[in-house]
Amino acid sequence: MLNASAALAILGGGGGGFGAGPTISSLAAFKNYQKDQVKAREAFMDQQTVQNEIDYFKRNAPKLNTIEDLLDNQRVLRFVLSSFGLEGDADKPGKIKAILKSDPDDVNSYANRLNDKRFGEFAKFMNATKLGATNLHISSNQNELTDKYLANEFEKDMGRKSPYLRDAIFFLREVNKATSTYDVLGCAKRPKWTQH
């Protein structure tokens, strides 16, 4: 595993903040995070607002049967989209509907033609052309989305504390999946983050 200095250097971080943002350096913030990653994640997960979102999602997802049901419940939709790092598109129902109506197995479908591969992953996971929103009824799918939601929201939270910190944590998470040099380079090209 790469150390904090290497991860931040690859991503262009390591210096101080920018604008009126945080005052601690990205490297110092990352080193602080690395001291006890588990504690940092547990502290984030234990926040009441985070638990409220998870509880709401798990209570309400099984009530949704159609694409329209999902689009009508903005809170569940935002949770699901955040699981894929796409929460910035929650206010674009036409786009989300078109993605959900895309055939996830067709490389020429709308979701798979978009520049960001996360849209295709979202369409494939939901498989809404066959299942509507009923894929959200399955507890193992709910657990997978919850884990992904927690990872994305935690990284967003860390990014609010110091510039480049979110990028470094994302990079280190993704680089563990890399099987080639090209995969490693792909990890350094982070997705376009949305600020919320």
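Predicted model: local features only at pLDDT ≥ 70, side-chain atom pairs only at ≥ 80, totals over all residues.

**Stop 1: a loop residue**

Select Glu-87, which is buried at a relative accessible area of 2%; buried means under 20%, exposed over 50% and partly exposed in between, with a 1.4 Å probe and protein chains only. Glu-87 sits in the loop between H6 and H7.

Residues are numbered from 1 along each chain as its sequence is written, and side-chain values use heavy atoms, with hydrogens and water left out.

**Stop 2: the whole chain**

Zoom out and colour by secondary structure. The chain has 13 helices and zero strands; helices (H or I, at least four residues) and strands (E, at least two) are DSSP runs, numbered from the N terminus. Of its 196 residues, 43% count as buried. Among contacts (heavy atoms within 4.5 Å) with a separation of 6 or more, 59% are between residues 24 or more positions apart.

**Stop 3**

Show helix H4 (residues 48-60) with helix H6 (74-83). H4 and H6 pack at about 110°, their axes 10 Å apart; axes are lines fitted to C-alpha atoms, for helices over the stretch in contact, and angles run from 0 to 180 degrees between N-to-C directions. That makes H4 roughly perpendicular to H6, a label for 65 to 115 degrees, where under 35 is roughly parallel, over 145 roughly antiparallel and the rest oblique. On the H4 side, select residues including Tyr-56 and Phe-57; they belong to a contact that on the H6 side has Arg-75, Val-76, Phe-79 and Val-80.

Now show helix H11 (139-161). The axes of H6 and H11 come within 7 Å and cross at roughly 75°, which makes H6 roughly perpendicular to H11. Phe-79, Val-80, Ser-82 and Ser-83 in H6 meet H11 residues, among them Tyr-149 and Asn-152.

**Stop 4: H7**

Which residues of H7 are buried? In this helix (residues 93-100), they are Ile-96, Ile-99 and Leu-100. They lie on the same side of H7, because they cover an arc of only 95° around the axis, taken from the directions from the helix axis to the C-beta atoms. Their cover includes H5, H6, H8, H9 and H10.

**Stop 5**

Select helix H9 (117-126). Seven of its ten residues are buried: Arg-118, Phe-119, Gly-120, Phe-122, Ala-123, Phe-125 and Met-126. These pack against H5, H6, H7, H8, H10 and H11.

Step on to Asn-127, in the loop between H9 and H10. Asn-127 has a positive phi of about 45° although it is not a glycine. Most residues other than glycine have a negative phi.

**Stop 6: the nonpolar core**

Finish with Leu-70, Phe-122, Met-126 and Leu-136, which touch the most other members of the 37-residue largest nonpolar core. Such a core is a set of buried Ala, Val, Leu, Ile, Met, Phe, Trp, Tyr and Cys residues joined through side-chain atoms within 4.5 Å. Helices H2, H4, H5, H6, H7, H9 and H11 each give two or more residues to this core. Centre on Leu-70: beyond its neighbours within four places in sequence, its contacts include Val-76, Leu-100, Met-126 and Leu-136.
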